[in-house]
Amino acid sequence: LTPLQNLFNPPSFRKLLKTSNLKLENKLKNRQFKQQSSAKKQRKEQRKLRQAITDVSHKTLKPLERYKKKPGEEEEDEEEFLESLPVDMMDDDDLEQIRAMAKKASFLTRDISSCTPVHAKKRKSEQPVKKYEKMPRKMQQEEEKELIHLLPIKDKSGLIPQSMEKPVVPEAEEEEEPVDQDELNQEEEPEIVPLLTPQEQLELRAQKLTEKKLHMASLSSAVLADPHVNIKKLKELRAMLMETDPCVAVTVRKLVMVSLLEVFKDIVPSYRIRPLTEEEKAAKVKKETLQLREFEEGLVSQYKFYLEDLEQTVKDWKQKKQKRSQAVSLQSYKGLAEVAIRCICDLLVALPHFNFHNNIVVMVVPLMRDSVSEMCCGAVSKLLKQDKLGQASLAVVKVISGMVKGRNYNVKPEVLNCLLCLRIKEVEMRKDTEDTAPKKKFMSFKEKRTNLSRMQRKWKKAEEKLQKELLEAEASESKDKKIKLHTETLNIVFLIYFRILKKAQKSILLPSVLEGLARFAHLINLEFFDDLLSVLYGLITSGDLTYRESLHCILTSFHILSGQGDVLNIDPLKFYNHLYKTLLTLHAGGRNEDTAIVLQCLDVMLTKRRKQVTLQRAQGFLKRLSTLSLHLLPDSSVGILAANRALMHTFPKCDILLDNEMQGSGVYLPELDVPEYCNPQNTALWELHLLKRHYHPMVRKFAAHLMKGAPSEGSGALSMELSRRTPVQLFEDYSVKDMSFNPPVEHFTIGDAFLDSELKTLINAALQNESELTSLDFTSQQTQQETRMTAN
Amino acid sequence: KVWAFKAAVATTKGDSEELCRYTISDSAVFNSLVLFCIKDMHAALSKMLKLKAPELILPSSSPRWQKNQIDIKMYVAGVVQLLSSLTQATVIAAVLRHANQMVPYYLCLPKQCRHLLKSLIKHWSTGEETVRVLAFLALNKICRHKQEIYLNSVLKQMYIAYVKNCKFTSPNTLPMINFMQRTLAEMYSLDTQVSYQHAFIYIRQLAIHLRNAINLKKKETYQSVYNWQYVHCLYLWCRVLSTIYPSEVLEPLLYPLCQVIIGCIKLVPISRYYPLRLHCVRAITLLSANTKTYVPALPFLLEILQREDFNKKPGRMSIKPINFAVILKLSKTNLQEKAYKDGLVEQLYDLILEYFHTQACSIGFPELALPTIVQLKAFLKECKVANYCKQMRQLLEKIQENCSYITGRRQKAAFGVADVTAVAAWEKQVAVEGTPLTKYYSQWKKLREKEIQLEISGKERMEDLNLPEIKRKKAEEKKANKKEFKGLFESDSDDDDDDLFKSKGKASC
């Protein structure tokens, strides 16, 4: 909506004062309408262009392929549908221009392999129209009533003179006609000859399937072509869900489910449809509005039935009941249900704004613990990731919370891992500030009267009115609302987490709880801090945790402390010591992924809290981290060394670790587990010399860099890109998980093997001479070889 | 001389094709002829062509070459044919020795040379010990003198032959594989540029196999990595890179090779594959010892120490110790045996000591050793088996001794960490003087070698006990061989000529 605001120039005050409010309103509305319509036009132009391009590219497809149920096909159809609508609203010259552009585009993008020239289309488009006129007569022979009376309507709406995609629709119809006739013949066949050989049965089945497929395709493309008119076909399509013919029932049902899914995805409007009130029903409306209402009503009811059908399928599968006619055997229920679940999941992700979304959530969430959990969890995570409004997330979280509690914490950890995908960045921390803020905007009448002059008041009034309108014009997803939703969501999430921490510490959910806490720690309410910290510390010291879990504990507590927690007076020394002690559990043989968390911990604990950390502690960590980097896989080593670099920058005094002089008393005690007391000042980072001989080029680079005291400029400095990356990023950059080589192994060929240009010329000279001195060459090489061999 | 030579050509031809002017029906004649050829042909030829003593002058430079070229060609081809048709090791060895002498002639005749190379590679990869050595010598000679023509293809074929022949590893074949590794490394050292191309391609191939295994996570793909061929290839490249160490050309390959080895270790880190891990660690140790590259290997050893519960009573007792050198994978019953744990502790001791030995003089030794010390201390605290504790305590003491030695020395040093040259000089100095660990290691190595010798002889004694059946098999094989020979020679004079060959072989050796 920003362009709208930008374009709208607020009228000058004088004008405001002179014109009445009504006029002003009208003016505003007019302007808005103008802008909207021009924006619409623009969008249409673009769409047209796109359509023209896709149309040409699709042109080369064989007609038969078109009838297989592919999502791609539906998309194509959808664009046709969009295309057919807006033409009447366009100016003629616009249309011309578009057409010219479309032709150009088609000429450019035309597939060379297709032999039909662009102009051939014009001729083609005439032929189908002729055939079209015959169509109603033909259709009358058939028994299917709905098809008959609907098709002519489509013709009317679809008759756009010379539009580019025109041929596509009629061609489709052409294909159908003969098949439809065949259908009639074949449907009688099984009744006559019930006993067939297996091969014939197979053939028959294939035939039936193609028929059904074609039927489905025609129905769905009809719906897509003009959903407002053909909404009834949706019902027909949905009726196919009840396919009774035992030999094709399962396949047909699956296909119908998927095609309905795609159809719904395409035709559902971008707003929620609300039921009409009695008054609205009673009021007289325009014809178009009536049509729209009918469409909406039909859509909602069909959608509802569709969902119910899906749910029923899943339920049947779960209860292992053999119901709904004998057409479907028990075994195939599983496949059927899987398809149904996939459809539900797809809808969950694709239509979060539409009616019945909550019902879908309620349907999906319990399935997250079943055998299909992977699919469902994936869908839920995706939804949470995509959700911008927060409403859907809230619904999901609510249901999950209920389930976790209801199941007595006996759910899969994946369910809780989904919550990590929540996109929550801020919540309202204190309600007081939030409440007071908006009130300031509008003064009370009394205040105005006392503070402002008459003129000012008038002006102010107008301004306020404008502002209110603008606010309304803005979509409902205002920031306040979003934040409120987020707050509520997060409260529920924390409720889940705290419940588990309190009641079910031994459950398998603990790792994901800790991970979640670490992720959202900065959003936790201040009141919980004390308790949470003590619980976390208890967990760490209990020793039951795996290394990763304890790292999460530490990370959580420091996230808490680094945010608003700095007001708390808690000494995190124990956490430091614990991390220091356990650092050596990290090594190349174990899990490599933990390094990322360690790096995060180090960042929060040392670099971000530089004022609270003593030099001794920093040095102790520096020394131990360097030692640690000897024993890690290269990516972790690079990460740790980068963290060391950050440490050296934040604590410049650490450079005494590069000197070999004794400072004060005591010797370095590498085995002591307290960083403060191990006398790190009395040692040096000698391990850098080992790392300088490391096999990984990046580790060598970092070691050499640290050896020079991590200078930010000069000969020992890192390149710009490297120095900007954080340790965690570097760790990810140089990941060795899937045997990728970063930095790549350079592969040079013989001629270019020498980087030194002088050497190269020498070699070239030598190569030229070689042909003359073959015999001499042998002897010289031989002597070399012999000396080498004797050396060995 | 030329007459005799021509006759010889005919006979060698005759023995395989029997389509010549002279058909040799009498095997005694044949034998003496072949013997004569092998003994005197080289000298006769060089005399005929008036070549001077040094071998390396090509015979084609002689003025008489044109005249005799066809005859020589025939003879030389005959030798190759003879070589490929023989089966008895001693005979082959003699012919090979002759072929070695004749190399200059082959060098002038590309087609024959190619045939010779083919059969040489076959003998190099499958023959018996002396045969292998001789074949390698000939190969090396040819490649050294005509690098640009033959080296590339020879290296490729040799590598393929190597891979083919290291599918199975047993105490008997292990020395053969080692021999092939060593000799291949020699071959690769002839021209580092060419070797780089080969090594790059083959290491990449290994990496691709590994990547597939990582990504697909299926049993079949694991198998494509966890097999002897793969491990031996890793070992081969380690050996090649460490033999040709100070080489700028090959050095960039250290990085991918190390990555592949470590990736291989981490692919399926379960206890059943510990032997494979130990092989990999051994390869890393070899590589890092010879190339002055630091490759972390200790964590993989310490992880075993950490994960394995040595206190648990072994479920089964077994007499036979497990030979970790010739297995990759342990069976489930093996895991419960006492022999497994004994062997594992011993292997860990060996490998840790060996690895530390390679880094003993490094200035960062105490840091390198820290996790090991911590881990060993924890182990000693936990472990209740006296035997294991004894070994590990000894190891710990040695490491700590070395640690304190290095720490003491470096504290006295006057330079800082940034001074690279001073550190290098310091490390060199320490290496010359020797550290406690290096001293101990050399003692231990001697003892260990003796032990291994004893073990081997012990095994032989064991084999002696089992001998009867094995011997019979061998005898049968020999008989079969003899039968073949009889068919060819149609006499029993082959025995004495065998003796002759042997005596000659000894003399030349």
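A salt bridge is a side-chain nitrogen of Lys or Arg within 4 Å of a carboxyl oxygen of Asp or Glu. With that in hand, let us look at some views of this predicted model.

**View 1. A salt bridge joins Glu671(A) and Lys377(B).** The side chains of Glu671(A) and Lys377(B) come to 2.6 Å, N to O. Between chain A and chain B the count is 2 salt bridges. Side chains of opposite charge can pair when their charged atoms come close.

**View 2. Chain A meets chain B.** The contact (heavy atoms within 4.5 Å) draws on 58 residues from chain A and 61 residues from chain B. The two chains bury about 5400 Å² between them, 63% of it on carbon and sulfur atoms; this buried area is the accessible area (1.4 Å probe) that two parts lose on being put together, summed over both.

View 3. Helices here are DSSP runs (H or I, at least four residues), numbered from the N terminus. Asp346(A) and Lys265(A) form a salt bridge at 3.3 Å, N to O. Asp346(A) is partly exposed at 29% relative accessible area, and Lys265(A) is partly exposed at 28% (buried means under 20%, exposed over 50%, partly exposed in between; 1.4 Å probe, protein chains only).

**View 4. Glu303(B) and Arg277(B) form a buried pair.** Their side chains meet in a salt bridge at 2.8 Å, N to O. Glu303(B) belongs to helix α14 and Arg277(B) to helix α13 of chain B, 26 residues apart.

**View 5. Asp342(B) and Lys338(B) pair within one helix.** The closest N and O atoms of this salt bridge are 3.1 Å apart. Because the two are 4 residues apart in helix α16 of chain B, about one helical turn separates them.

**View 6. His232(B) is buried in chain B.** This residue is found in helix α11 (residues 228-243), and its relative accessible area is 5%. Leaving aside neighbours within four places in sequence, its contacts include Tyr162(B), Cys166(B) and Leu174(B).

**Reading the views.** Residues are numbered from 1 along each chain as its sequence is written, and chains are lettered from A and ligands numbered from 1 in the order in which they are written.

Key: Predicted model: local features only at pLDDT ≥ 70, side-chain atom pairs only at ≥ 80, totals over all residues. Heavy atoms only, no water.
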